[in-house]
Protein chains: 2
Amino acid sequence: MEKFDVHILGCGSALPTMRHLATSQVVNVREKLFMVDCGEGTQVQLRRSRLGFGRLNHIFISHLHGDHCFGLIGLISTFGMLERTADLHIYSHPDLQHLLAPQLDFFCKGMPYKVVFHPFNPCERTVIYDDRSVSVETIPLCHRIPTCGFLFREKPTPNHIRRDMIDFYQIPTYMRNRIKNGEDYVTEDGTVVPNSRLTVPSAPPRAYAYCSDTLYQPKMVGQIEGVDLLFHEATFASSELARARKTFHSTASQAAQIARDAKVKRLVIGHFSARYDDERALLEEAAAVFPETILASENLTLSL
Amino acid sequence: MEKFDVHILGCGSALPTMRHLATSQVVNVREKLFMVDCGEGTQVQLRRSRLGFGRLNHIFISHLHGDHCFGLIGLISTFGMLERTADLHIYSHPDLQHLLAPQLDFFCKGMPYKVVFHPFNPCERTVIYDDRSVSVETIPLCHRIPTCGFLFREKPTPNHIRRDMIDFYQIPTYMRNRIKNGEDYVTEDGTVVPNSRLTVPSAPPRAYAYCSDTLYQPKMVGQIEGVDLLFHEATFASSELARARKTFHSTASQAAQIARDAKVKRLVIGHFSARYDDERALLEEAAAVFPETILASENLTLSL
């Protein structure tokens, strides 16, 4: 099966600690790398991940709080020193460009590559990226400032052609891709062999949803229904529900309720408050509602 | 003896690696903390050092390359979340204020403390900080942009009063501070006891010089003569002398020549190029010229 992995580079919240770094992830879809958020320290974590810098061309920023974007200028600047030439595309709220522009002018003069900004409105559901392997759609969230999550949907792959049928009907090479894409095969004597006899269906396309930071937001359920993996913030335990509401964050139990109601396959929780020395209590709380829950941690890789 | 420590938080160069983080140090003079440079990731290193955030009120920035200042916005923002109330003073080239202002406005609105900028001209030798314990003077350096080092000079401490003389002459409490500060003592019968008989001199005031980034610059020698500890950048080995010159950096051997010519007590070298997997060759090169050389490393503390 082709690669669809999520690499957690940092899963702390606003205050980075020695346990958890600020938020960043890399999504690897068929060897193309997509970054989601870029907190301080991301470039070192990216190096640690050994994913390589060269295949990363797209960065999606969920919202303009420092713990989700302070690592951008360092990463951009390092790419310049490494003689990158490919454009780097940054998708975010329009304000980011205005904030970064003076820093880029000052610190990154004469870089051998271009930073291309793609502003979007995080409050609207929109497809902000699309290629032949994957599309990325915003998931409007409810936080103190305009914020969205991101839904990565893999494109369907062609069916697998059956080796035994190729041999049996002696199907010529030029026909094989057409059959993979759904055509029937007509033999020399005019017999139509239906496609379903010639192929086996490929694995169904996979999906990953990233939802951070947000208040418990049941209306996202419809948009993320059945995804293979959901990352949902779980900044607090239920004992801090009042604080979660006040700061527009979720509890571990609320994250699990979303996962359960959206019938996702697996849930990974993160964006842990610095107050927790140990997140096992958060895991237990979530798992009580949705057993297929995993705790995020730095350098964790999850394969879909 | 009162505290005068240098804590290395990061000693890499432009490209942070898994071995070395971007530049930052904390100088602890009598329990007041002074930060020198603030590369990306400094706030986490400061946490790791367990020095505490509360006693840090002054940050000195040597020059405006990203690896020396990209950590500022994260640190400032974290101080705000920790409900800091004391002013934070930043000493730097005037451009820093213009670069940080839009970020402070956007990300740090409503912080409970003030950031106070103290612009200075790095190309001139100036005292930029002075209190009753320490003064900080710029050391003009030669780099691709205006850059300076910093010379921390401890103020002399009062002499120590001799316990046996207090008892012998039954010196009253109110006189003791005056004697520590150099006065003679006159007994009830009018005998003058000279200060030198009553006290022993305190340790001579100590000094720390920080010099990074710079081309080999022999004219700094006069200014840093005899300091107890010199941090000097040693980005390259002598085999890369041409590259050192081209990028306005120093070799390990040049750093040691400065230390030797300035007759400093100890030299610590840092700002290592990412090309070195192991800095022992740099240490050997420097120690051949100046034996009292130490390699910087993250989380190293040097006491003067």
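Tutor: Before we start, domain bounds come from an automatic or database domain assignment. The model itself is predicted.

Student: OK. Which domains is chain A divided into?

Tutor: Domain 1 of chain A takes in 4-156 + 206-303, and domain 2 takes in 160-200.

Student: What distance separates the centres of domain 1 and domain 2 of chain A?

Tutor: Taken over C-alpha atoms, the centres of these two domains of chain A are 43 Å apart.

Student: And what does the C-alpha trace of chain A span along its principal axes?

Tutor: About 75 × 55 × 35 Å. Chain A contains 10 helices and 18 strands, and 44% of its 304 residues count as buried.

Student: How many of the contacts in chain A between residues at least 6 apart in sequence join residues at least 24 apart?

Tutor: The share is 63%.

Student: Let's pick one strand. Is S16 of chain A largely enclosed or left open?

Tutor: Strand S16 (residues 266-270) of chain A has four of its five residues buried, so the rest of the structure largely encloses it.

Student: Which strands does S16(A) pair with?

Tutor: One is strand S15 (residues 229-233) of chain A, in the parallel sense over five bridges. Within that pairing, A:Leu267 of S16(A) is the bridge partner of A:Leu230. Another is strand S17 (residues 293-295) of chain A, also parallel, over three bridges. There, A:Val268 stands opposite A:Ile294 of S17(A).

Student: Switching to chain B. Why is helix H9 of chain B said to be largely enclosed?

Tutor: Because seven of the 10 residues of H9 (residues 252-261) of chain B are buried. They are B:Ala252, B:Ser253, B:Gln254, B:Ala255, B:Ala256, B:Ile258 and B:Ala259.

Student: What covers the buried residues of H9(B)?

Tutor: The cover includes helices H7 (221-224) and H10 (280-289) of chain B, along with strands S15 (229-233), S16 (266-270) and S17 (293-295) of chain B.

Student: And what comes just after H9(B)?

Tutor: B:Lys263, which has a positive phi of about 50 degrees.

Student: Where is B:Leu82?

Tutor: B:Leu82 lies in the loop between H2 and strand S5 (88-92) of chain B. Its C-alpha atom is 20 Å from that of B:Ala101, which is 19 residues away along the chain.

Student: Is B:Leu82 buried or partly exposed?

Tutor: Partly exposed: 13 other C-beta atoms lie within 10 Å, while 20 or more would count as buried.

Student: Now the two chains together. How many residues of chain B are in contact with chain A?

Tutor: 23 residues of chain B are in contact with 24 residues of chain A. On the chain B side, the elements giving two or more residues are helices H1 (42-49), H2 (72-81) and H3 (95-107). The residues of that side divide into 12 nonpolar, eight polar and three charged.

Student: Do the copies meet through the same surface or different ones, and why?

Tutor: The same surface, because 100% of the interface residues of chain B are also interface residues in chain A.

Methods: Residues are numbered from 1 along each chain as its sequence is written. Chains are lettered from A and ligands numbered from 1 in the order in which they are written. This is a predicted model: local features need pLDDT of at least 70, side-chain atom pairs count only at pLDDT 80 or more; totals for chains, interfaces and linings use all residues. Two residues are in contact if their C-beta atoms, placed from the backbone, lie within 7 Å. Ala, Val, Leu, Ile, Met, Phe, Trp, Tyr, Cys and Pro count as nonpolar, Asp, Glu, Lys and Arg as charged, and the others, Gly among them, as polar. A residue is buried if 20 or more other C-beta atoms lie within 10 Å of its own, exposed if 12 or fewer, and partly exposed in between; C-beta atoms are placed from the backbone. Two strands pair if DSSP finds at least two bridges between them.
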